Amino acid sequence: MRKSAIYKYLVFLGILLIYPLFSNSSWLAIGTTFIIYSIVALSQDIVLGKAGMFDMGHAMFFGIGAYISAIMNTVFNIPILWAIPVVVLISAIISVLMAMPTIHLRGDYLLVVTIGFNIIFQQVIKNNVFGLTGGPNGIFGIERPSLFGFEFSSDLSVYYLAFFVLILILIMIKNLETSAVGRAFHYLRLDNLAAQCVGINTRFYRLFAFALGASIASIAGVLFAIQYTVISPESFNLMQSILFFTIVIVGGMSSIPGVLLGTFLMFVLPEIFRDFNTYRYLVFGVMMILTMILRPRGIIPKKFGIIPKYLLKDK
Amino acid sequence: MYIFIQQVINGLTIGSIFALIALGYTMVYGTMKFINFAHGDLVALSAFVGLTIYTTVVSSFSNSIIAILISLIITIVIISIIGYLLERIAYRPLRKAPRLSAVVSALGAGMVFQNAIMLIWGPNPHYYPADIIPNKIWHFGDSVISLIQILILLLSFFIMIGLYILVNKTRTGRAIRAAAINQDAARLMGINVDAIIVIIFALGSTLGAVGGMFLGMFYRGITFNMGWNYGISAFVAAIIGGIGNIPGAMLGGIFLGLFNSLIAGYISSTWADAFTYILLILILIFKPTGILGERVAEKV
């Protein structure tokens, strides 16, 4: 990583670090949710931006994380942090099972399949399957976690817990970009056939990207359950998936600063303009169109080395 | 048995509405290869515009059928113009951009439509008057069919025949099919592809406007956010039939309508959506191009 980039990340993390000092409780909640949504958006970016698979059902994995941890906590009384390994494992397995028969589909078909899975997931939790998911009301009374005797009972401590997880995820994704897996994803996105021809096991890496994205999103789901202590199906519906999808495209595919900025624009900005309640989403839609027209590759597009312009191919 | 016949009648009615909406998706996808996510909200908008025009003009006509036809025509004109503007403003600048940018632009446009409806007509549901079509019912056996269902079935049938003739038997239709196969080659053959795309959007909006008003007349209650649900169902119908394929969208719409209403009648209405998408996923796994779609070789 270049030095200037490191400074930018440090400034960003520094702002997040001192943000609670300047915010009241409702803005602190927005801050925590911003961090959680950033994690989901970053995991969506692994599937959509880095591996180039059109996934418009990512809120499902977010929801799987939240629901499994909440069920483990409220029904089986397992401390919620202990649920994380189980959650990661289960959502990775589900994502692989889901992706195995469908992964070969072309872009738009995959997009529709993932939408379909998200809607099926919605119906499953809304219809209170096995009497565990609480139906349309969701699950109440999720316990806040404790670690080495420290209780994460205050909202501030949950904020810093989420902040800590975000740092871990950022480090992981930075490492991913420079690893063999990250390069495989990159080739996969640029040209699937060419990637296959140079000996990349595209099927394996596509499943790997799905499983990785799903696990990270499910960790964010656990954080979401911890933050609100209440979860309901609406937090994981198709609209949320579209939000995460849009965040990645508006911010810039496979660009970490882009995704973070996208999360800010798509989630925090509407909260700031809450007073203009009725007009804000109208303006918001216009802004989405304008952003795409003015910056079709996203607000902060990722630059891959120095490539002459005439070699760049739009797809 | 009467449940079966009743559900088939209901399924055919809703299926033909799905088919009308699905045609808008499939024609745009066929030429421009992108999912026009704003189409469903355009359909919702046309339901509202149609209702408003109907309530303004109904007093000046003695017969409500004529009032409906007049308001249908005015709605079609308005929605086609909006469809053209949508293409001109939100999609044309993005022809050369990465494909997902156009998708996000469409999502933004859908959001604009949805919130514009909410700002103009308010967030509460509106209702089409109950006497908009004389409330006649015919019994055969234990099943019933209403006049509105017959009208919807007949009108959709004629509209689809008309579209089929337009696409397959006219010069414009040939140009539309050529542009769908290869835009650059079509341009080299002297076809004005931009004009074709405008025609496609106008046609799709027309069919969507008819579908939207039918939805209002059949279900009566319309809400500002209904477009998304019907839109996504219609889009699923387009995929089941084979996306980009015009007869496929008609077939897929009817098929999906029948499937939905039979599931709701025999199994469970709370699981209807899940069954629809399980069907969709199975179709995509075993026949990824849909019922009528042709296999497209991957370009290298």
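# Exercises on a predicted two-chain model

A:Thr229 is found in the loop between H9 and H10 of chain A, and the model in which we study this residue and others is a predicted one.

**Exercise 1.** Determine whether A:Thr229 is buried, partly exposed or exposed, and do the corresponding work for A:Ser254.

*Solution.* We begin with the backbone of A:Thr229, which has a positive phi of about 55° although the residue is not a glycine. Next we count neighbours, and because a residue needs 20 or more other C-beta atoms within 10 Å to be buried, while 12 or fewer make it exposed, A:Thr229 with its 17 C-beta neighbours inside 10 Å counts as partly exposed. We then turn to A:Ser254, whose place is in the loop between H10 and helix H11 (256-272) of chain A. A:Ser254 also is not a glycine and has a positive phi of about 55°, but with 25 C-beta neighbours inside 10 Å A:Ser254 counts as buried.

**Exercise 2.** Describe how helix H2 (residues 39-57) of chain B packs against helix H8 (residues 193-219) of chain B.

*Solution.* Two packed helices are described by the angle between their axes and the distance between the axes. For H2(B) and H8(B) the angle is about 60°, and the axes lie 7 Å apart. The two helices are therefore oblique to each other, and the crossing of H2(B) and H8(B) is right-handed.

**Exercise 3.** Describe how H2(B) packs against H9(B), and say which residues make the contact.

*Solution.* The angle between H2(B) and H9(B) is about 125°, with the axes 7 Å apart, and these helices are therefore oblique to each other. H2(B) passes H9(B) in a right-handed crossing. From H2(B) the contact takes B:His39, B:Gly40, B:Asp41, B:Val43 and B:Ala44, and from H9(B) it takes B:Met226, B:Gly227, B:Trp228, B:Tyr230, B:Gly231 and B:Ile232.

**Exercise 4.** Work out the packing of helix H9 (residues 226-241) of chain B against helix H10 (residues 246-266) of chain B, and then find the contacts of B:Ala19.

*Solution.* H9(B) and H10(B) pack at an angle of about 120°, and their axes are 7 Å apart, which makes H9(B) oblique to H10(B). The crossing of H9(B) and H10(B) is right-handed. Among the residues that meet are B:Ala237 in H9(B) and B:Ala249 and B:Gly253 in H10(B). The contact as a whole divides into nine nonpolar, five polar and no charged residues. B:Ala19, if residues up to four places away in sequence are not counted, touches B:Ser156, B:Met160, B:Ala237, B:Ala249, B:Met250, B:Gly253 and B:Ile254.

**Exercise 5.** State how many residues each chain gives to the contact between the chains, and which helix of chain A supplies the largest share.

*Solution.* Chain A gives 31 residues and chain B gives 34 residues. On the side of chain A, helix H4 (83-102), helix H5 (107-126), helix H10 (238-251) and helix H12 (277-294) each supply at least two residues. The largest share, ten residues, comes from H12(A). This side of chain A divides into 20 nonpolar, seven polar and four charged residues.

Note on methods: Residues are numbered from 1 along each chain as its sequence is written. Chains are lettered from A and ligands numbered from 1 in the order in which they are written. This is a predicted model: local features need pLDDT of at least 70, side-chain atom pairs count only at pLDDT 80 or more; totals for chains, interfaces and linings use all residues. Two residues are in contact if their C-beta atoms, placed from the backbone, lie within 7 Å. Axes are lines fitted to C-alpha atoms, for helices over the stretch in contact, and angles run from 0 to 180 degrees between N-to-C directions. Helices (H or I, at least four residues) and strands (E, at least two) are DSSP runs, numbered from the N terminus. Angles under 35 degrees count as roughly parallel, over 145 as roughly antiparallel, 65 to 115 as roughly perpendicular and the rest as oblique. A crossing is left-handed if the near helix is turned anticlockwise from the far one by less than a right angle, and right-handed if clockwise. Ala, Val, Leu, Ile, Met, Phe, Trp, Tyr, Cys and Pro count as nonpolar, Asp, Glu, Lys and Arg as charged, and the others, Gly among them, as polar.
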